[in-house]
Amino acid sequence: MTEHTRNSWTTEEVAGIYNTPVLELIYRAATVHREHHDPSEVQVCTLLSIKTGGCPEDCSYCPQAARYQTDVTVHKLLGVGEVLDKAREARDAGSTRFCMGAAWREVRDNRDFDSVIEMVKGVNAMGMEVCCTLGMLTHGQAQRLKEAGLYAYNHNLDSGKEFYKEIITTRSYDDRLDTLGNVRNAGISICSGGIIGMGENDQDRVSMLVTLANLPKQPESVPINALVPVSGTPLESQPRVPVWDMVRMIATARIIMPGAMVRLSAGRLRMTVEEQALCFMAGANSIFAGDKLLTTPNPGQPADQRMFQTLQLKPKTAHRSVETGA
Ligand code: SF4
């Protein structure tokens, strides 16, 4: 195991990387990026909310929590046909990964889950990497998803363990880690990252990155989100995250988890192309496409196409496309 893929990072080491003078940090991350990835390729993922709002959890950043008064339009689980139409549209627009999100605390073994299994099978058959984010998952449920062709499961740690209880009280950090363990044991790849700008400090950010990097096997995908404060949520008045904080998080994630896809996720709408370019330079190699990210606004396809042209980036093909021939 090389220095870059080890999972025994200490907090001091990672804090040292995180606090490196920023231009040096970008240079170092860009170097690691080039050793493990083609820097001209960026994965384009589409995220669709298949069940929106009405969630019993109390995540302080989330407009889908039933207890907050937000203007999210609540809807029950979409039909299988509708979801597959959206997946086809996303594929035709260049997405190679399709992620379906449901605002559930946990998966229940009921008809809705049966429908999700059909959605996974359908998207899988289109040759896209299919990903779900459905809340907590048992080992048996993870296995059913795997058998249906699920490629990845998203379950964010959100922040460091110490800060976690400040933003969520309805479940524990260990619950999150248990689900990640169930996903890994079922042979599904892990997508797990977090959000910055919720009031956490640098130590909390470093703590989350250390936990992710030291999982028995590092996540294949690490989304880094900048909080999008939503009116009606407890975090509605949080100030905007400076771009340099995003750059530091992305660069540190890239250096300590070199094989992962590091995803520049929520918060892009408020970033210029130049700011996003800094994030790509720092090792981000994945974005979410479309004009909505679950419920919050996102730049939309025409703006992203222009950005790809300006920066001479190209969308990455799906890992699966060769296997399926799709
Ligand atoms: S982040 Fe997920 S679990 Fe938390 S309130 Fe929102 S939908 Fe529910």
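Here, Ala, Val, Leu, Ile, Met, Phe, Trp, Tyr, Cys and Pro count as nonpolar, Asp, Glu, Lys and Arg as charged, and the others, Gly among them, as polar. You're looking at a predicted model, where local features need pLDDT of at least 70. Residues are numbered from 1 along each chain as its sequence is written.

Start with the ligand. Select Cys55, Glu57, Cys59, Tyr61, Cys62, Ala65, Ala103 and Arg171, the residues around it (a heavy atom within 4 Å). That shell holds six nonpolar residues, two charged and no polar.

Next, pick helix 3, residues 80-92, and helix 4, residues 111-125 (helices are DSSP runs of H or I, at least four residues, numbered from the N terminus). Their axes, lines fitted to C-alpha atoms over the stretch in contact, with angles from 0 to 180 degrees between N-to-C directions, come within 10 Å and cross at roughly 30°. So helix 3 and helix 4 are roughly parallel (angles under 35 degrees).

Now jump to helix 8, residues 202-213, and helix 9, residues 243-256. These two pack at about 25°, with axes 10 Å apart, so they're roughly parallel to each other.

Technical notes:
Predicted model: local features only at pLDDT ≥ 70, side-chain atom pairs only at ≥ 80, totals over all residues. Heavy atoms only, no water. Parallel < 35°, antiparallel > 145°, perpendicular 65-115°, else oblique.
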